[in-house]
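Here are my notes for anyone opening this one for the first time. Have a look at the picture, then go through the points in order.

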Amino acid sequence: TWDVKGTTADIMGQKIKISDVDANHYGEKKVNLKAQKGTVDKASGDVVLEKDVVITSDDGSQLTTDFLNWEKEKNTVSTDAPVTLSDAKMTATGTGLKAQSEMKSAQLEKNVTVKVDVSPDEKATQFVTITCDGPMEIDQRRNMATFNNNVVAEQQGRILKADRAEIYFDQEKKQIRQLICIGHVVIQQGENVSYAERAVYNAGDQKITLSGQPKLILAVEEDG
């Protein structure tokens with residue numbers, strides 16, 4: 001159920017134009033939605049939101065964009081505009097979005113950049129940056145994110161490339177639990193390069209396991 005409020009409301013046939021939209025959704029979790037302008041279709045209940053659109057859920061996660069379509073029947077939101085998704089440990093940007101209104105699942109369509117704070121110390125920050133051509137899918141029910149097409153991850157001088165990457169999060173610690181890279185995997189650190197078809201990184205022991213014709217090229221310094 002949505003509770004929609006605004007500063008002004010103008011009725012124009014089947015459309016209601018609202019300024020300073022402030023709406024709350026009371027479902028599985030509470031979601032607040034704000035925008036400078038909104039247009040409600042009285043027949044379908046669908047809403048178009050424009051300018052400074054912000055969706056905030058009660059767990060602190062947030063979506064910001066400048067244009068958003070909300071389809072009441074499907075309970076989904078979508079846009080072709082640039083989007084930012086953020087929570088306490090992660091910020092994701094991209095162009096185009098499809099998501100459930102409660103943000104349990106979301107898909108950034110293209111030009112995706114994600115920064116994840118992987119530091120176990122709340123007072124410190126240590127980021128891994130992941131980019132992909134897209135789409136990138138977030139599934140909060142499974143505590144995972146999937147990156148597709150031309151995936152590149154960088155952290156402290158180490159670069160990892162793959163066709164696809166799956167990240168699994170530890171919900172309690174708000175940390176990356178496991179990273180699985182699939183297809184044309186390349187791991188580069190300095191002049192040392194590893195190749196494989198699959199790589200699995202486990203945060204618990206901080207080890208990477210390569211499979212599928214793994215190959216390691218080490219740079220050796222020559223004396224003299």
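1. Let's begin with a residue that stands out. His 184 is exposed, with 56% relative accessible area; exposed means over 50%, buried under 20% and partly exposed in between, using a 1.4 Å probe and protein chains only. His 184 sits in strand β14, residues 175-189, and its phi is positive, near 50 degrees, although the residue is not glycine. Most residues other than glycine have a negative phi.

2. Before going on, some ground rules. This is a predicted model, where local features need pLDDT of at least 70, side-chain atom pairs count only at pLDDT 80 or more, and totals for chains, interfaces and linings use all residues. Residues are numbered from 1 along each chain as its sequence is written, and side-chain values use heavy atoms, with hydrogens and water left out.

3. The overall make-up is quick to state: the protein chain has 17 strands and zero helices. Both are DSSP runs numbered from the N terminus, helices being H or I of at least four residues and strands E of at least two. Of the 224 residues in the protein chain, 38% are buried. The chain exposes about 13000 Å², with 47% of that supplied by carbon and sulfur atoms; the areas come from the Shrake-Rupley method with a 1.4 Å probe, and for residues only the protein chains shown count as cover.

4. How far apart in sequence are the contacting residues? Among contacts between residues at least 6 apart in sequence, 29% join residues at least 24 apart. A contact here means heavy atoms within 4.5 Å.

5. Now the inside. The largest nonpolar core has 47 residues, and Leu 85, Leu 97, Met 136 and Phe 147 have the most contacts inside it. Such a core is a set of buried Ala, Val, Leu, Ile, Met, Phe, Trp, Tyr and Cys residues joined through side-chain atoms within 4.5 Å. Setting aside neighbours within four places in sequence, Met 136 has contacts that include Ala 92, Leu 108, Val 112 and Phe 147.

6. Which form does the peptide bond from Gly 134 to Pro 135 take? The bond is cis, with omega near 5 degrees. Pro 135 belongs to the loop between β10 (127-132) and β11 (136-139). Most peptide bonds are trans.

7. Asn 75 also has a positive phi, about 55 degrees, without being a glycine. The residue lies in the loop between β6 (62-71) and β7 (76-86), and Asn 75 counts as partly exposed at 25% relative accessibility.

8. On the aromatic side, the structure holds zero aromatic pairs; Phe, Tyr and Trp rings (the six-membered one for Trp) pair if their centres lie within 6.5 Å, with planes under 30 degrees apart counting as stacked, over 60 as edge-to-face and the rest as tilted. There are charges over rings, though: the charged end of Lys 115 sits over Phe 127, 4.6 Å from the ring centre, and Lys 215 lies over the face of Tyr 195 at 5.2 Å from the ring centre. The rule asks for NZ of Lys or CZ of Arg within 6 Å of the ring centre and within 35 degrees of the ring normal.

9. Lys 215 turns up again beside Ser 194, which touches Lys 215 as well as others including Val 185, Ile 187 and Leu 210, not counting residues up to four places away in sequence. Ser 194 is in strand β15, residues 192-202, and is buried at 13% relative accessibility.

10. What about the cysteines? Cys 132 is buried, at 4% relative accessible area, and Cys 181 is buried too, at 1%. The disulfide count is zero, a disulfide being a pair of cysteine sulfur atoms within 2.5 Å.

11. Met 144, in strand β12 (residues 144-155), is buried at 5% relative accessible area; its contacts beyond four places in sequence include Ile 138, Ile 167 and Phe 169. Thr 65 is in strand β6 and is buried at 7%, with Asp 52, Val 53 and Ala 81 among the residues it contacts beyond four places in sequence.
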